[in-house]
Amino acid sequence: MLRLGLTGGIASGKTAVAAMLRELGFAVLDADSLAHKLIEPGEAAYDQVIAEFGPAIIDSDNRINRAKLAAIVFADTAKLARLNAIVHPRVKTAIHQQFAEWSRNGSRDVAFVEAALLVEAGYHKDLDGLVITWCRPEQQLERLRARGFSDQDARRRIAAQMPVAEKLRYATEKIDCSGSLEDTRKQVEALATKLRAKDTL
C-alpha cells in the first residue's frame with residue numbers, strides 16, 4: 001500500500017483537497033482531528049496537557065477549551081513546542097496503527113494522512129510521498145480573516161508553521177490552490193489518475 005501525506009500551510013486548501021480525494025474514493029486519515037481527540041477527557045494526552053498548561057484551560061464540563069489553549073500556545077513558541085511534544089508522538093502512533101490496519105485488510109492500494117504539521121513533526125519521513133497544497137501568503141491571510149481570525153492571530157498561526165516556500169521543497173506532488181475550486185479539482189483528478197495507473201510519486 002502506498003502511504004502518502006497531504007499537508008500545506010494553514011488556509012492553503014488542504015481540507016478542500018482532502019475532501020476531493022475522499023470523493024474520488026481514497027482513504028484519508030485526518031491527523032489533526034486525531035490530535036483534537038487525544039485531548040478529550042479520558043484520552044491519552046488530556047491529563048498531561050492540563051498538568052502542563054493549568055486548570056484555566058478547562059471549561060465547565062471538564063473539557064479542554066481549545067480556543068483558550070490556542071491563545072496560549074500561539075502567543076509563545078516555547079509553549080507551542082511543549083504542546084506538540086505531548087501530542088505529536090501519540091498522533092504518530094495512531095497514524096501507524098491506521099495504516100497498518102488498512103494494509104492488513106488489503107482494501108487500499110493508496111491511503112493518505114492529512115495533517116497541518118506533517119513536515120514539522122517529522123511524520124513525512126515514514127511516508128512514501130508527500131502532496132503539498134499551497135496558495136499565495138496574502139490569500140492565506142484573507143481566508144483566515146474570513147474565518148473570523150484577527151489580523152494578529154492570523155499572522156501568528158501562519159508564523160507558527162514552516163514557510164510555504166520551504167515546505168514545498170519536501171513535495172513529491174504540488175496542488176496549486178490559488179485559483180478556483182474547479183482548477184484545484186482538475187489537479188486532484190489528475191493526481192488520482194496517476195495513482196490509479198500504479199505510478200509512484
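Guide: Helices (H or I, at least four residues) and strands (E, at least two) are DSSP runs, numbered from the N terminus. A helix's expected span is 1.5 Å times one less than its number of residues. This is a predicted model: local features need pLDDT of at least 70, side-chain atom pairs count only at pLDDT 80 or more, and totals for chains, interfaces and linings use all residues. Residues are numbered from 1 along each chain as its sequence is written, and side-chain values use heavy atoms, leaving out hydrogens and water.

Take helix H5, residues 77-105. Its 29 residues reach 41 Å from first C-alpha to last, close to the 42 Å expected. At the N-terminal end, aspartate 76 is the cap. One of its side-chain oxygens lies 2.9 Å from the backbone nitrogen of alanine 78. H5 bends by about 30° at alanine 85 (the angle between axes fitted to the seven residues ending there and the seven starting there). Proline 89 follows within four residues. Just after H5, glycine 106 has a positive phi of about 65°.

Now the packing. Buried residues (under 20% relative accessible area, 1.4 Å probe, protein chains only) of H5 include Leu80, His88 and Trp102. The buried residues of H5 pack against strands S1, S2 and S3 and helices H2, H3 and H4.

The largest nonpolar core has 37 residues. Such a core is a set of buried Ala, Val, Leu, Ile, Met, Phe, Trp, Tyr and Cys residues joined through side-chain atoms within 4.5 Å. H5 gives this core its largest share, nine residues. Val87, Val91 and Ile95 are among the members that touch the most others.

Key. Buried means under 20% relative accessible area, exposed over 50%, partly exposed in between (1.4 Å probe, protein chains only). Contact means heavy atoms within 4.5 Å. A polar contact is a pair of N or O atoms within 3.5 Å; within protein, one must be able to donate a hydrogen and the other to accept it, and residues adjacent in sequence count only if both atoms are side-chain atoms.
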